[in-house]
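Hi,

Here is the model I promised to pass on. Please have a look, and then read my notes below.

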Amino acid sequence: MGGLISDIDIIDNSAEEVSETKHISIDENTGKTKKLYIESYGCQMNFSDTEIVTSILKKEGFDTTSDIENADVIFINTCSIREKAEQTIRKRLQLFNVIKTKKPDLTVGVLGCMAERLKTKLLEEEKIVDIVAGPDAYRDLPNLINQADEGLKAVNTFLSREETYADISPVRLNSNGVTAFISIMRGCDNMCSFCVVPYTRGRERSRDPSSIINEAKQIFDQGYREVTLLGQNVDSYNWNPQGGKHETASIDKRTGNAHINFAQILEMVAKIDTELRVRFSTSHPKDITDDVLYTMNKYENICKYIHLPAQSGSSRILRLMNRTYDREWYLKKVSRIREILGDDCGISSDMIAGFCSETDEDHKETLSLMDYVKYDFSYMFIYSERPGTPAAKKFADDIPVQVKKKRLQEIIEKQQALSLQRNNREMNKVHRVLIEGYSKRSNDNLQGRNSANKVIVFPKKNYKKGMYVNVLVESCTTATLIGKIAT
Ligand code: SAH
Ligand code: SF4
Ligand code: F3S
């Protein structure tokens with residue numbers, strides 16, 4: 001799902017949506033008395049939030065556990081982006097219910113986007129739930145747990161205009177010790193008509209740049225070698241020293257302090273160390289600037305990869321989606337990327353098949369846009385109507401599911417052909433790879449990514465994760481490049 005999701009789901013072979021990724025907490029034993037089991041679904045920002053939640057609860061005397069049966073508190077950090085994501089959560093709640101019948105003292109909390117969307121309704125619909133906490137309510141969790149301990153149902157779905165959890169050091173979970181994610185902003189002010197995120201995550205706000213830089217420095221000192229700056233729309237990052245709100249002027253007249261935009265924060269992070277790779281996600285085609293592209297070009301350690309979701313190739317559908325750009329605008333942005341960063345820069349997209357009133361012609365325009373851009377990979381979805389969104393209110397969800405599936409299948413096949421074509425270009429070339437760990441298939445091989453975000457697998461020998469190596473690519477599949485260390 002989107003650029004904010006881990007690479008595991010990159011390309012799905014069936015005409016089904018990519019599955020929602022699940023992350024489960026690790027085992028810790030620092031002698032604390034209470035055990036927290038937490039699992040997360042949805043985008044990378046949600047995983048990042050889980051690390052903040054864990055940090056908050058550790059201060060309250062919790063250790064994390066991966067053994068659900070052993071937990072005093074179960075938290076599930078949820079996603080509402082498509083109906084299927086919510087169905088997955090409801091199934092998990094049924095399982096938690098079985099555990100709770102055996103252990104009545106167990107506290108079950110629903111966090112994140114589904115908590116925010118359904119609020120107290122979730123307590124009525126899912127009797128097992130004790131705590132409902134939206135994405136801006138995590139500082140209140142200790143208090144909500146206390147209420148639950150007293151036998152009360154506890155809800156906080158207040159959305160903030162300021163909260164960025166800037167001062168909280170996330171506890172890195174499921175980490176390979178090499179790559180880390182840092183949220184630089186929260187919320188979204190765009191109103192893409194299909195999307196539930198503005199309702200579940202609230203207004204857009206940017207995080208204090210000094211806290212971002214400190215966190216990046218800290219993880220570099222801990223041995224991490226790559227950081228991904230996260231936001232629903234990173235190009236509209238705009239820190240105003242007067243309170244982090246958006247202003248158009250670049251200098252604050254009273255204080256003389258400069259506003260910081262995305263190109264500037266990107267540069268500040270890149271300057272921390274040339275050995276620290278910098279990535280970012282997601283870029284919105286309406287907001288990405290030449291400044292950002294020039295900054296990427298200027299710093300070797302800013303990875304040459306842009307996740308630039310198009311959603312559709314038809315200008316008529318893009319208008320209905322309220323994406324605020326059309327096909328021509330999108331293609332111009334792609335040309336600028338190619339002019340400034342060249343052909344090697346990786347570009348990926350999100351695509352929605354079967355949006356309201358989409359015709360075969362509109363669908364063909366999506367396929368032809370893909371051909372034109374030659375995406376390295378895409379995240380591809382069937383349109384799923386979300387209650388309360390502008391599209392749900394204004395348009396009929398009128399494309400039959402079989403047609404949606406057929407179109408999605410065509411989009412997937414197109415992407416697979418393009419991925420293979422793009423990967424074939426890399427054959428017999430040497431790539432600088434940051435090693436992230438063992439390959440998925442064998443402990444005799446290691447894997448990492450090149451600057452353009454392509455996964456590269458090669459024999460292990462004496463190399464270790466966290467090292468940079470040069471790999472000569474000798475073969476490829478649609479999803480992976482395979483090679484050997486170049487001397
Ligand atoms: N902020 C990012 C996307 C976040 S959501 C952006 O603007 O690009 C990730 C992706 O989920 C979206 O890009 C979109 O392709 C998909 N998505 C969002 N709402 C959807 C819906 N109702 N049905 C199907 N896919 C959806
Ligand atoms: Fe949703 Fe659009 Fe915001 Fe992305 S930019 S989170 S698709 S409203
Ligand atoms: Fe992310 Fe899903 Fe919420 S994609 S912002 S967790 S609705």
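Before the rest, a word on conventions. This is a predicted model, where local features need pLDDT of at least 70 and side-chain atom pairs count only at pLDDT 80 or more, while totals for chains, interfaces and linings use all residues. Residues are numbered from 1 along each chain as its sequence is written, chains are lettered from A and ligands numbered from 1 in the order in which they are written, and side-chain values use heavy atoms, with hydrogens and water left out.

Ligand 1

A backbone N or O atom of Q232 is 2.8 Å from a nitrogen atom of ligand 1. The side chain of Q311 has an N or O atom 2.6 Å from an oxygen atom of ligand 1. The protein covers 95% of the 540 Å² of accessible area that ligand 1 has on its own (Shrake-Rupley method, 1.4 Å probe; for residues, only the protein chains shown count as cover). Two or more residues of the shell come from each of β16 (346-353) and β17 (377-382); helices (H or I, at least four residues) and strands (E, at least two) are DSSP runs, numbered from the N terminus. There are 16 residues around ligand 1, and F194, Q232, Q311, D350 and S384 come nearest; a residue is near if one of its heavy atoms lies within 4 Å. By class, seven are nonpolar, five polar and four charged (Ala, Val, Leu, Ile, Met, Phe, Trp, Tyr, Cys and Pro count as nonpolar, Asp, Glu, Lys and Arg as charged, and the others, Gly among them, as polar).

Ligand 2

The residues around ligand 2 are C188, N190, C192, F194, C195, V197, P198, Q232, H284 and R323. Six are nonpolar, three polar and one charged.

Helix packing

The axes of α11 (residues 327-341) and α12 (residues 360-373) come within 11 Å and cross at roughly 15 degrees (axes are lines fitted to C-alpha atoms, for helices over the stretch in contact, and angles run from 0 to 180 degrees between N-to-C directions). That makes α11 roughly parallel to α12, a label for angles under 35 degrees. The axes of α12 and α14 (401-424) come within 10 Å and also cross at roughly 15 degrees, so α12 is roughly parallel to α14.

Most residues other than glycine have a negative phi, and most peptide bonds are trans. Here, a cis peptide bond joins S281 and T282, with omega about 10 degrees. T282 lies in the loop between β14 (277-281) and α9 (290-298). N428 has a positive phi, near 65 degrees, and is found in the loop between α14 and β18 (430-438).

Best wishes

Key. Polar contact = N/O pair within 3.5 Å; in protein donor to acceptor, adjacent residues only side chain to side chain. Parallel < 35°, antiparallel > 145°, perpendicular 65-115°, else oblique.
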